[in-house]
Amino acid sequence: MKKNFLHIHDEFEYTWLGKDNGMIPIYMSEVCGYNSYILTNDIKHELPDVFRSVHIVKVKRLFKKIGNFAYFIKLLRRLNIFKYLIKNAKEIDVLMLFHISRCSYWYAFVYKLLNKTGKVYIKADFNLEVYQKEIRRLNTKSRTFKDFFKKINEIAEYKKRKKLVTMVDLISYETEDSYNEMKYSYAGVDTKGKVIYLPNGYDNLEIERNYKIKNMDNKKNIILTVGRLGTEAKNTEFLLESLKKIDFKDWKFYFVGSETKEFQIYKDNFFNKYPYLKEKILFLGEIKDRKKLYSLYNEAKVFVLPSKWESFGIVMVEAMAFGEYIITSNTCAANDITKNGEIGKIISIDEDKELVNSIQDVINNKIDLKLKYDKTLEYVKKFRYENIIKNLNEGLKWKK
């Protein structure tokens, strides 16, 4: 009899089906033979009932008009998710949750209360630097009343996190640095034997079945970035300002992704100042169709992501699956993705001179893209979801 795998993720978005949120349930079904489900509030009404082999269970989100003035309101909004979990807990063999958080604690608590033999898997989606800052802040004295009350909330959050890691069966971290730092404990709680290294990956089954990867000679002189444009993390304004210093020659730069309203205004002002760059810098909008996005990856030679922070950076691994050369800021997964800079370029965060020089070196043929292409396609096999999911399934079996 097939086992049942349920991933709970509040406010799940359609584009996440192509990311780790969606890929793990898909591959647990297609590779490991589970009945996979995603349980969510479909607030945008964009999710299908079935995507590939995964059933998407959509429940109504409650109390939409009430602000988050208290933590229990966040739980009340998820009341229908809890109802589904209570009703079906005994039929769920593996419960997957994102983040070591208070919300994850309550889902895991209810599930374990009703199904003591079921397994809870936490995908940490973890930023080691942020975690270390939080721990340091918890260990410092409050200087103001505002800091005092903020710390009370943070302490309550960490108490629930510590309880969560004691009850879960498996925790995965996306980067080797995070795994090595966290494999024995979380905030002082022993986690030895329940932690694995599990990087994010790319949809290798889809790509290998449907695409012939173009060699570097058949690609176009396109540099690409993909993400939520204008968000603080993606650092899009910094990237755009750096591009005005580039001599593009016969190259073009493509931006793909939804845009914040603030960035739309910023972009319009930018092109009013530099109208001649409209032919070299193109904004393609959000591409939800994975086939169109993969085709664009297949055309481009270079991928750039100068983020201020990332828990991983899945889009870079997707680009690597098509042989693209990676230029990335020094976020927590940069070394993992570029093989410590061997197959890509790591730049300092917010250093425009480094970014400009790295892009210009590509355009000026100072980088052997053909050599990087061959090394990239070999190295990216490490991130095939087919292999990653087998490791996850083994981790679930291994834990008593």
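Which elements each supply at least two residues of the lining of the largest cavity? They are β11 (222-226) and α9 (236-243). This is a predicted model, where local features need pLDDT of at least 70, side-chain atom pairs count only at pLDDT 80 or more, and totals for chains, interfaces and linings use all residues. Residues are numbered from 1 along each chain as its sequence is written, and side-chain values use heavy atoms, leaving out hydrogens and water.

**The cavity**
- The structure holds one cavity of 30 Å³ or more; a cavity is a set of points on a 1 Å grid over the protein atoms alone where a 1.4 Å probe fits but cannot get out.
- The space in the largest cavity is about 50 Å³, a volume being what is filled by probe spheres set on the points.
- Its lining residues (those with an atom within 4 Å of a point) include T225, K234 and P306.

**The pocket**
- A pocket is an open set with protein on both sides within 12 Å along at least five of seven lines, and the second largest pocket has a volume of about 340 Å³.
- Of its 17 lining residues, N127, E129, V130, K308 and W309 lie nearest the centre.
- Helix α5 (residues 128-138) gives the most to this lining, with seven residues; helices are DSSP runs (H or I, at least four residues) and strands are too (E, at least two), numbered from the N terminus.

**Helix α14**
- Residues 352-363 form helix α14, which has 12 residues.
- Buried residues (under 20% relative accessible area, 1.4 Å probe, protein chains only) in α14 include L355, I359 and I363.
- After α14 comes N365, with a positive phi near 65°.

How values were computed. Expected span 1.5 Å × (residues − 1). Buried < 20%, exposed > 50% of the residue type's maximum accessible area, 1.4 Å probe, protein only.
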